[in-house]
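Hi everyone, thanks for coming.

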Amino acid sequence: MFDLQHYQGLLLQVQIAQTPHQKGQTFETLSEYLLNSLDGVEVQERDIQMPYEEIDLLLWNARTEEVLQPWDHVVLVECKNWSAPVGAAVLDNFLQKLRRSHITTGIFIAANGVTGDFLNGNNAHRGAIALLRDALMLDGMRIVVIRWEDLQAIQSVADICELIKKRYCAPYMNRVF
């Protein structure tokens, strides 16, 4: 159940975090609360240490929330509370985690979004955005990118669902945000 006051307290905790560890942990806690608020979604594991990688959040999606019905039952979530947009190499690493797990849907929560500029038509700086588009067109993978400004705007579960729906459909319209 989503409680706006509790959620706003978690947003504040992210803002006042001092160390890189605190910033990462509070951002993951916020993300976990947000996603657990969706009907049929449960965070099964957090900070999973694999031999060659870490998975921030592993979700079980029972597909009861309408917006998540086309998604896989298992969804990986990557959380990056960085002061700059996330680049192509980091996003590619997340895409590889999904591929190795045979998962086609993921959530990438990056405080300052991702790099790249294909929206102006010249592909001068393809960056992470190009990887998202290519993963969709070549592999059928859908990655929803959520930014800090999106997190701040959420007031209800309906807002979360609307955001996910818009971001899920965005690559089909040459958009990420």
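The largest pocket has a volume of about 200 Å³. This is a predicted model, so local features need pLDDT of at least 70 and side-chain atom pairs pLDDT 80 or more, while totals for chains, interfaces and linings use all residues. Residues are numbered from 1 along each chain as its sequence is written, and side-chain values use heavy atoms, without hydrogens or water.

On a 1 Å grid over the protein atoms alone, a pocket is an open set of points with protein on both sides within 12 Å along at least five of seven lines; in a cavity, a 1.4 Å probe fits but cannot get out; lining residues have an atom within 4 Å of a point. Points join across faces, edges and corners, and a volume is the space filled by probe spheres set on them.

Helix H2 (20–36) gives the most to the pocket lining, 5 residues. Among the lining residues are Lys23, Glu28, Asp56 and Trp82.

Cys161 is in none, with the nearest cysteine sulfur, that of Cys169, 13 Å away. Cys161 is buried (under 20% relative accessible area; exposed is over 50%, partly exposed in between; 1.4 Å probe, protein chains only), at 12%. Cys169 is partly exposed, at 34%.

Methods. Helix = DSSP H or I, 4+ residues; strand = E, 2+ residues; numbered from the N terminus. Disulfide = S-S within 2.5 Å.
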